Amino acid sequence: MKIYGVAILAGCYLVGQLIGEQLGKLVGVSGNVGGVGFAMIMLILLGSWMKKRGLLGAEPEKGILFWNAMYIPVVIAMSATQNVKAALSGGWVAVAVGVLGTAISFAFVPIIAKMAKPKQEDKDDLYL
Amino acid sequence: MDVIEKIISKNDLVFAFLFVGIIVYVSFWIAKKLTNNKIPGSAIAIFIGLVLAYFGDKKGIADLPMFTGMALLGGSMLRDFSIVATAMGASFTEIKRAGVAGIFSLFFGVILSFFVGGTIAYFMGYTDAKSFATIGAGACTFIVGPITGSALGASTDVIAISIAIGVIKSILVTICTPLIAKKIGLNNPTTAMVYGGIIGTTSGVAAGLAAVDEKLVPYGALTATFYTGLGCLLCPSLLYYIIHIFI
């Protein structure tokens, strides 16, 4: 039954939201801190645990994979509902900070990623 | 015409499925016939989405009565739900492997955006600490900006600017990620996690990675989802106090 997969996904999502809300309260931030991230980690762990024990059949997995495939259409709808007008009307400060800030952030991605990689190979022996 | 409008507004979500389906079809056709698949179809579809958003107002195209369903389909609930679903294909070993780099990139990303954004604003005439912090926070995401601004009591026009910055960032990330993916080596889970941590704007990261390689989505989304929370935590407190010492 596909709905079992969707229900597992929904369960992980809601528990993740709960953890995120509580964590937000704990650190004094209004809103959800990493709720989606916690839900993702839960789904990965629960999914592989259930697969190993043969508890997650092909049908329930299809239910999860359907929502996985709906991700891009959802993102397209999300793009179509952005406040593009506000972005274009924020004035020069907004444009300068938006463009330069984003460009500088992009530039640092390969630098940090490179710093992460050599360390990884050292650690592999220790942790595996 | 009235009947059609009535049916559509009654069934707005179902109409959104049809509408997005048509956008995807057209985009993949353009990608294949006009760009020889050099530009990914999903990147074109997302770009068309942004162009359509211009026809609306605050909620983009969803401000037009026929397209209200787009706000539900593209809203945060279904977005987060489908992001979680992408985790089904992710490997926990890869996540553990990039774990430290991912956490480091989160702190680095928030602090970098804050100071870069604030400094540019400073030289453009926003020289008080509150405006520096609010605009710097806006350079994180469009949620961190207004939360920081209202926590510090910044003026409303500065808060508006901080929202605009965050939205510009989100849109730029969406458009630019597929264009510069090769240059920044965005083709493996570790880099995707670092990318999500440094860039941080969930909508931008989610859309940007979708256009590059669907398999990387869960890794980037995983770190990005912590970014706004961390930004809301650091910007109005620690980072503001640091700035306050200097200006």
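Colleague: What share of the contacts in chain A with a separation of 6 or more comes from residues 24 or more positions apart?

Modeller: The share is 56%, where a contact means that two C-beta atoms, placed from the backbone, lie within 7 Å. This is a predicted model, in which local features need pLDDT of at least 70, side-chain atom pairs count only at pLDDT 80 or more, and totals for chains, interfaces and linings use all residues. Residues are numbered from 1 along each chain as its sequence is written, while chains are lettered from A and ligands numbered from 1 in the order in which they are written.

Colleague: What elements make up chain A, from the N terminus on?

Modeller: The order is α-α-α-α-α-α, with six helices and zero strands. Helices here are DSSP runs of H or I with at least four residues, strands are runs of E with at least two, and both are numbered from the N terminus.

Colleague: What is the mean pLDDT of chain A, and which stretch falls below 50?

Modeller: The mean is 83, with 88% of the residues of chain A at 70 or more; pLDDT is the predictor's confidence in each residue, from 0 to 100. Residues 119-128 of chain A are below 50, and this stretch has one contact beyond near neighbours in sequence. Where pLDDT is low, the predicted coordinates should not be read in detail. Chain B has a mean of 89, and 100% of its residues reach 70 or more. For the model, ipTM is 0.84 and pTM is 0.79.

Colleague: Why is F108(A) called partly exposed?

Modeller: F108(A) has 18 other C-beta atoms within 10 Å. A residue is buried at 20 or more such atoms, exposed at 12 or fewer, and partly exposed in between. The count of 18 for F108(A) falls between those limits, so the residue is partly exposed. F108(A) sits in helix α6 of chain A and touches L112(B) and I198(B), leaving out residues up to four places away in sequence.

Colleague: What makes A86(A) partly exposed?

Modeller: Its count is 18 other C-beta atoms within 10 Å, so A86(A) also lands in the in-between class. A86(A) belongs to helix α5 of chain A. With residues up to four places away left out, A86(A) touches I163(B), A164(B) and V167(B).

Colleague: How do you know whether Y122(B) is buried or exposed?

Modeller: Y122(B) has 20 other C-beta atoms within 10 Å. The limit is 20 or more, so Y122(B) counts as buried. This residue lies in helix α7 of chain B. Beyond neighbours within four places in sequence, Y122(B) is in contact with T127(B) and F132(B).

Colleague: How do you know what span to expect of helix α7 of chain B?

Modeller: The expected span is 1.5 Å times one less than the number of residues. Helix α7 of chain B, residues 99-123, has 25 residues, and the expected span is 36 Å. From first C-alpha to last, the helix reaches 36 Å, so the two values are close. After α7(B) comes G125(B), with a positive phi near 110°.

Colleague: Why is helix α5 of chain B called mostly covered?

Modeller: Eight of the 11 residues of this helix, residues 76-86, are buried. Among them are R79(B), D80(B), F81(B) and V84(B). The buried residues of α5(B) pack against α1, α2, α3 and α4 of chain A, together with α12 (202-212) and α13 of chain B.

Colleague: Which residues have the most contacts inside the largest nonpolar core?

Modeller: They are V75(A), V84(B), I135(B) and C235(B), in a core of 120 residues. Such a core is a set of buried Ala, Val, Leu, Ile, Met, Phe, Trp, Tyr and Cys residues joined through C-beta atoms within 7 Å. Helix α13 of chain B, residues 217-246, gives the most to this core, with 14 residues.

Colleague: How many residues does each chain give to the contact?

Modeller: Chain A gives 66 residues and chain B gives 88 residues. On the side of chain A that touches chain B, α6(A) supplies the largest share, 22 residues. That side divides into 43 nonpolar, 21 polar and two charged residues. Ala, Val, Leu, Ile, Met, Phe, Trp, Tyr, Cys and Pro count as nonpolar, Asp, Glu, Lys and Arg as charged, and the others, Gly among them, as polar.
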